[in-house]
Protein chains: 2
Amino acid sequence: MTRETTSQRSADPASHRLTGVLAPALTPFRADLSPDARRLVRHCRWLLSQGCSGLAVFGTTSEANSLSVEEREQLLDTLLEDGIAPERLMPGTGCCAISDSVRLTLHAVRRGCAGVLMLPPFYYKAPSEEGLFRFFAQVIEDVADNRLKVYLYHIPPVAQVGFSVPLIGRLIKEFPDVVVGLKDSSGDWSNTAAILSAYPGFEVFPGSEVFLLDGLRKGAAGCISATCNVSAAAIRNVYDNWKGADADKLQSEITALRKAIQAFPMIPALKAVIAHYRQDPAWARLRPPFVDLSSSEADKVIRTLADAHGFKLDFAKAA
Amino acid sequence: MTRETTSQRSADPASHRLTGVLAPALTPFRADLSPDARRLVRHCRWLLSQGCSGLAVFGTTSEANSLSVEEREQLLDTLLEDGIAPERLMPGTGCCAISDSVRLTLHAVRRGCAGVLMLPPFYYKAPSEEGLFRFFAQVIEDVADNRLKVYLYHIPPVAQVGFSVPLIGRLIKEFPDVVVGLKDSSGDWSNTAAILSAYPGFEVFPGSEVFLLDGLRKGAAGCISATCNVSAAAIRNVYDNWKGADADKLQSEITALRKAIQAFPMIPALKAVIAHYRQDPAWARLRPPFVDLSSSEADKVIRTLADAHGFKLDFAKAA
C-alpha cells in the first residue's frame, strides 16, 4: 500500500532498485574464524522471510571490514548459488584501496546485484572533498558498466570520513544514473532531513529504524539497520503502514526496542540473540577486534529484551 | 660509534633487527594509478644510499592503505628480486581484516623480512583491549613462524585505534620473542617516553625525527619518519652523532626542516619535492583520496624549503 511514493520518485521505475527494509546481514564464523557460508545463507533466507525487501550484505554490522576481498567474493557467490536473488542484494564494496573497491564493485555488478553500498576510503582522515570525488569518479569509470547503482555509505561515527551535502550533490550531478542513493548512519536526523530536502528522488535510507517514519514522511526509501537482523518483521510493519492511523504507535515500539538493543555492544549482542534463539552457540562468534559477550552478558541482553519488550524469535518454523 | 646502546639492549644480538633511520618509502604510481615498481626500486636504493638503515615500506606515507593485498605482495617481491636485502625491510602488514594481516605477514616472514610493522584493525572504533590482544595473538598464532618479529604501529591521529601502555606490556609478556618493538606516531613525546621507561629493551621508534635525539637519550632504537623520504642523510647524521658535542644543533636543524615540511599536506608535498628534484613529474601522482598539489602549491613547498633551509636534493649522482 505504500510503495507508490518511492516508485513515483524513482527515476527509472523499470529498474530493480531496492526500497523498504534492508538488513546488513550478520556474518557467522566457523570455529577457526573462517566465514560460515552455510549459516549465512540460512540467515539471509530467514531475513527475507521476515519481511526484508533486501540484504545489504557486507556492511558494518556484517563485520565486512574484518573480511578479505576474496572472502566477500566467495560469500556473495555462495549466496547467489544458493538461490538468493541478486535483485535483493546491495553488498558493501567500499574499501580504503581504490583497487579493492573497483574489484568488489565489478564483481557485484557482474553478478547482477541491485546496487552496491560504498564506504568512502576511511584510513586517511580529513581527505579533501576533491579527493573523495576523484575516488568515486575513478571507481565508476573503472567499473564502466551501466548497470552500476551506487549507494553512498555515510557513517562518520565509525568511518570518520563521510559525505557532506555538497559532495553528495556533486556526485549526483556528475553521475545521475549511477549515484542513486545513500545510507545515512550519522545518527543525526537533521543531516538525513537536509539530504532528503536537497535531493528529491535520491534514495535515502536512514541507518536506524528510529528515523523510519520521519524518513518516509519526507520521502526516504526505507531503512537499512543493524537491528533488522532480529526485528525485521516489526520494522517492515511500520514501512507497510506508515500512512495508517497507528503508524506513530508502531514506530514508538520499534524505536523502544532499538534503544534497548543499542544499550549493549551492538554486533556481539545481535549475534548472542541469534545464538540463543537458534540454540546454536556457534552464532555468537566474532572476529577480533570484536569479543563475544560472556554468558552472563548474553543472558542480560536476552532477558532485558524479553522482559521489557516481549521480544523473542521463533526459528522453529524457519527454513 | 653509537650502535653499542641499541645492540646492548637487544635480546638477540645475532638477529638482523633493524635500528637507526627507517624510511616509510613513498609509493609512486603510473598514469593509470597502478603501483610503479620500477620507480619504487630506484627510490628505495637511493634511500639506502642516503643513510637509511632500513625501509618501512607500506606505511602510512607509502599510501599502503590505498593498495590491495596483492599490490603490496607484488611490490615486495619486486624489491627483493631487484636486490633489496630482506634484512633491510620492515613492511607494513596490519589491515582491518585479520585474514589480510595474516596473509601479508606470512608473505613478509617467508621472504625473510627483518620484521613487520603492524597497524591495529582500524575500522571499528574503540575496540576493547581484549579484542586488540586477541587480534594480534591470532595473527601470531596463524603465522606460526619463529622468525616473526612484530613492531606495533601506534598512530592514533590517523588510525584512531592505538595501543595503550598496558596493552603493549601484555603483548610483550605473552610474545616476548615476537613483539619486539613499536613505532610511536602519536606525536606525543610523553607517550614515547612512557613506553621507553616501562619496557627497557623494547625497540621504540618515534614516528618523527623531531623526537630522535630525545628518544636516543632514553634508549630509542632510531626513528621511522615520513620525511626520511627527502632528508634521510641529515637525520642519519643525528643518529650517528647523538653523543657528540653538536648533537643538539644537528637535531635543531632536522626539527626545523621537518616542521617546515609538515606545514604542507605531507604526502603530496613529499611527492612534489621528489618530482621536482628528479625532474620527473610522474612522481607527483597519488591515489585518491589524496590529491596532488597544484604547480603553484608545489613551487611554494620547494621554494620554502630551499629559501629557509637551504634544502635541495641531488639525484644527478643517484643510481
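## Exercises on a predicted model

With a relative accessible area of 46%, Asp248(A) is partly exposed (buried is under 20% relative accessible area, exposed over 50%, partly exposed in between, with a 1.4 Å probe and protein chains only). The model is predicted: local features need pLDDT of at least 70, side-chain atom pairs count only at pLDDT 80 or more, and totals for chains, interfaces and linings use all residues. Residues are numbered from 1 along each chain as its sequence is written, chains are lettered from A and ligands numbered from 1 in the order in which they are written, and side-chain values use heavy atoms, leaving out hydrogens and water.

**Exercise 1.** Find the salt-bridge partner of Arg217(A) and state where the two residues lie.

*Solution.* Step 1: a salt bridge is a side-chain nitrogen of Lys or Arg within 4 Å of a carboxyl oxygen of Asp or Glu. Step 2: Arg217(A) pairs with Asp248(A), and their closest N and O atoms are 3.1 Å apart. Step 3: Arg217(A) belongs to helix α9 (residues 212-217) of chain A and Asp248(A) to helix α11 (residues 247-261) of chain A, so the pair links distant parts of the chain, 31 residues apart (helices, H or I of at least four residues, and strands, E of at least two, are DSSP runs numbered from the N terminus). Step 4: Arg217(A) has a relative accessible area of 43% and is partly exposed.

**Exercise 2.** Describe the salt bridges of Asp280(A) and Lys271(A), and decide whether their residues are buried or exposed.

*Solution.* Step 1: the closest N and O atoms of Asp280(A) and Arg39(A) are 2.7 Å apart, and the two form a salt bridge. Step 2: Asp280(A) sits in the loop between α12 (266-278) and α13 (295-309) of chain A, while Arg39(A) sits in helix α2 of chain A, so the pair ties together parts that are 241 residues apart in sequence. Step 3: Asp280(A) counts as buried because its relative accessibility is 12%; Arg39(A), at 16%, also counts as buried. Step 4: Lys271(A) forms a salt bridge with Glu63(A), with closest N and O atoms 2.7 Å apart. Step 5: Lys271(A) is in helix α12 of chain A and Glu63(A) in the loop between β2 and α3 of chain A, so this pair ties together parts that are 208 residues apart in sequence. Step 6: Lys271(A) and Glu63(A) are both buried. Step 7: over all chains, the whole structure holds 32 salt bridges.

**Exercise 3.** Check the length of helix α3(A) and find what its buried residues pack against.

*Solution.* Step 1: the expected span of a helix is 1.5 Å times one less than its number of residues. Step 2: α3 of chain A (residues 69-81) has 13 residues and should therefore span 18 Å, which agrees with the 18 Å between its end C-alpha atoms. Step 3: the buried residues of α3(A) include Val69(A), Leu75(A), Leu76(A), Leu79(A) and Leu80(A). Step 4: the buried residues of this helix pack against α2 (37-49) and α4 (98-110) of chain A, together with α4 (98-110) of chain B (contact means heavy atoms within 4.5 Å). Step 5: Gly83(A) follows α3(A) and has a positive phi, near 95°. Step 6: a network of salt bridges links Glu70(A), Glu73(A), Arg103(A), Glu70(B), Glu73(B) and Arg103(B).

**Exercise 4.** Give the strand order of two sheets in chain A and name their edge strands.

*Solution.* Step 1: two strands pair if DSSP finds at least two bridges between them. Step 2: one open sheet of chain A has 3 strands in the order β2-β1-β7, with parallel pairing. Its edge strands are β2 (54-55) and β7 (222-224) of chain A, each pairing on one side only. Step 3: β1 (residues 20-23) of chain A is joined to β2(A) by 2 bridges in the parallel sense, and Ala23(A) has Leu55(A) as its bridge partner in β2(A). Step 4: another open sheet has 4 strands in the order β3-β4-β5-β6 (chain A), with parallel pairing. Here the edge strands are β3 (116-118) and β6 (203-206) of chain A, each pairing on one side only. Step 5: strand β5 (residues 179-184) of chain A runs parallel to β6(A) and is joined to it by 4 bridges; Lys183(A) stands opposite Phe205(A) in β6(A).

**Exercise 5.** Determine how many residues of strand β4(B) are buried.

*Solution.* Step 1: in β4 (residues 150-154) of chain B, 5 of its 5 residues are buried. Step 2: Val150(B), Leu152(B) and His154(B) lie on one side, and Tyr151(B) and Tyr153(B) on the other. Step 3: β3 (residues 116-118) of chain B runs parallel to β4(B), joined by 3 bridges, and Val116(B) has Val150(B) as its bridge partner.
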